[in-house]
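Me: I have a structure open and want to talk it through. Can we go piece by piece?

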Amino acid sequence: MDKCKICRKKTKPVISFGKMPIANGFIDDPTDKEFFYDLKLLFCPNCFMVQLGQIPHPEMMFNDTYAYISSTSSTMARHFKKQANEIIALLASRKDPFVVELGSNDGIMLKHLAAKEIHHLGVEPAANVAALAKKNDVNVLIEFFDQKLAKKIVRTHGQADVICAANTMCSLEDLNGAFEGFNILLKQHGTLFFEDPYLFDIVSLTSFDQIYDEHIYYFSGLSVEQLAKRHKMKLTDMKHQDVHGGSMRYYIKKGGSNKRSFRAAEWLKKEKELELDSSNGFKKFKKRVNTICRNLKQTLQKIKSQNQQIVGYGATSKSTTLLNYTHIGPETIDYISDNTPTKIGKLTPGMHIPIKAHTQFANDKPPFTVLFAWNHKKEIFDKEKAYRKKGGNFITYFPKVRIQ
Ligand code: TYD
């Protein structure tokens, strides 16, 4: 029986997807060696943490060929500028404040602090994206965060007023170790906040493609509350973010006596109503996942039987789960258009669909396009107004399959 990675109590299975390749493991050639692992989701009835069963070694995912670059979306660029401004406001009354960001990627957020000469440090294990951040004058350590690193940072920079992370905490297997590191690194009245895809949204939308190797944990306020408590910290606030298909930003302070906001209390109430504190909350999830997969396959097969071209839009990590679970490959999807230089010319993990530059999509104007980057729907629909006007169709699939 799989034990919870946080509290070591027995977990319950939620769903299994079988063998999966690394979600961002794009390859150059179909004969390239790929690593597969068992993708299954578990729920801990004791501390409410939803988590993966098996996890590939972190260096399999975050290395010097890491393909994910934050600044490929203008929505994300705006989102992180806003986050930087929030930090600047929070620090207004502090003397020579210090900010640490875990998973700083290409410096999409920290560059705004660097521009204001705010003392900052990014911690980023993927050397290629860290190099992009350095070009933006962002200070970065190319390391994985742990207690040892927390001590080293304190020795060289002092304690932090703010520790933050976006789409990173869910990838840290040793969360207890990370929280012990936060207790070392964070000032007594400092603020820790992090945001990740929100379990409430995943369950409500059935967005099962959020489940992949890099997302080891699927947080709710209920599970973060338990985790913080375990480390003598307190979940004080929660702010919902309209990015990555629905994310939650959790605010945490040192010491259990801090007050919780009304907003956080309301979210916790909503989560209990959805039964995210019980395995009941996941009972119908698996059934809904399989209905979506069946409907998507049928829709694509019908289009193919009419000899119409289908392409994809956005070679997302998420689509690795969807494509490998449904076995949809290049026989159905000709190619996926993507604007990330590190992905263009490669093949998708497992199913080997070619990735092409947007110019190909603009030339082809394919009649049907599966929107794998569904979390950027607004930005992409705005960009592709002309395509849709001329009869191009996008296929989306959460919470149900739609042609629009
Ligand atoms: P992302 O939303 O980060 O999803 P994931 O976390 O699942 O990888 O990735 C979006 C992908 O879509 C990324 O590869 C860039 C691509 N993209 C485009 O090609 N064009 C666009 O206009 C946008 C917004 C994204």
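Me: Which side chain meets Asp28 in a salt bridge?
Reply: That is Lys346. The N to O distance is 3.8 Å. Keep in mind that this is a predicted model.

Me: Where do Asp28 and Lys346 lie?
Reply: Asp28 is in the loop between β1 and β2. Lys346 is in the loop between β13 (336-337) and β14 (355-356).

Me: Is Asp28 buried or exposed? And what about Lys346?
Reply: Asp28 counts as exposed, because its relative accessibility is 54% and the cut-off is over 50%. Lys346 has 22%, so it counts as partly exposed.

Me: How many salt bridges does a search of the whole structure find?
Reply: The search finds 14. One of them joins the side chains of Lys19 and Asp38, at 3.5 Å from N to O.

Me: Which strands do Lys19 and Asp38 lie in?
Reply: Lys19 is in β1 (residues 12-21) and Asp38 is in β2 (residues 36-43). The pair therefore ties together parts that are 19 residues apart in sequence. Lys19 is exposed at 53% relative accessibility. Asp38 is partly exposed at 35%.

Me: What does Lys152 form a salt bridge with?
Reply: Its partner is Glu143. The closest N and O atoms are 3.0 Å apart. Both residues are partly exposed: Lys152 has a relative accessible area of 36%, and Glu143 has 27%.

Me: Which residues do salt bridges with shared partners join into one network?
Reply: Glu86, Glu195, Lys239 and Arg249 are joined that way.

Me: New topic, the ligand. Which residues come nearest?
Reply: Ser317, Asp338, Asn375, His376 and Lys383 do, out of 21 residues around the ligand.

Me: What are the polar distances like for Ser317, Asn339 and Lys383?
Reply: A side-chain N or O atom of Lys383 is 2.3 Å from a ligand oxygen. For Ser317, a polar side-chain atom lies 2.7 Å from an oxygen atom of the ligand. Asn339 uses its backbone: an N or O atom there is 2.9 Å from a ligand oxygen.

Me: How much of the ligand does the protein bury?
Reply: It buries 97% of the 570 Å² that the ligand exposes when taken alone.

Me: Which helices each supply at least two residues of the shell?
Reply: Those are α11 (317-326) and α13 (377-383). The largest share is from α13, with three residues.

Me: How do the shell residues divide into nonpolar, polar and charged?
Reply: Six are nonpolar, ten are polar and five are charged.

Me: Staying with α11, where does Ser319 lie, and is it buried or exposed?
Reply: Ser319 is in helix α11. Its relative accessible area is 2%, so it is buried, the cut-off being under 20%.

Me: What does the Ser319 side chain reach?
Reply: It reaches the backbone oxygen of Thr316, at 2.7 Å. Setting aside residues up to four places away in sequence, Ser319 touches Gly314 and Phe372.

Me: And Thr316, where is that?
Reply: Thr316 is in the loop between β12 (310-313) and α11. At 12% relative accessibility, Thr316 counts as buried.

Me: Which residues does Thr316 touch, not counting those up to four places away in sequence?
Reply: Phe372 and Ala373. The Thr316 side chain also reaches the backbone oxygen of Phe372, at 3.4 Å. Phe372 is touched by Ser319 too, under that sequence limit.

Me: What separates the C-alpha atoms of Thr316 and Asn295?
Reply: A distance of 21 Å. The two residues are 21 residues apart along the chain.

Me: Last one. Where is His231 placed?
Reply: His231 is in the loop between α8 (221-230) and β10 (233-241). It counts as buried, at 9% relative accessibility.

Me: What does the His231 side chain make a polar contact with?
Reply: The side chain of Asn176, at 2.8 Å. Beyond four places in sequence, His231 touches Asn176, Phe179, Glu180 and Asn183.

Definitions and conventions: Residues numbered from 1 in each chain as written. Predicted model: local features only at pLDDT ≥ 70, side-chain atom pairs only at ≥ 80, totals over all residues. Heavy atoms only, no water. Near = heavy atom within 4 Å. Polar contact = N/O pair within 3.5 Å; in protein donor to acceptor, adjacent residues only side chain to side chain. Areas by Shrake-Rupley, 256 points an atom, 1.4 Å probe, with all protein chains shown as cover. Helix = DSSP H or I, 4+ residues; strand = E, 2+ residues; numbered from the N terminus. Nonpolar A, V, L, I, M, F, W, Y, C, P; charged D, E, K, R; others polar. Buried < 20%, exposed > 50% of the residue type's maximum accessible area, 1.4 Å probe, protein only. Contact = heavy atoms within 4.5 Å. Salt bridge = Lys/Arg side-chain N within 4 Å of Asp/Glu carboxyl O.
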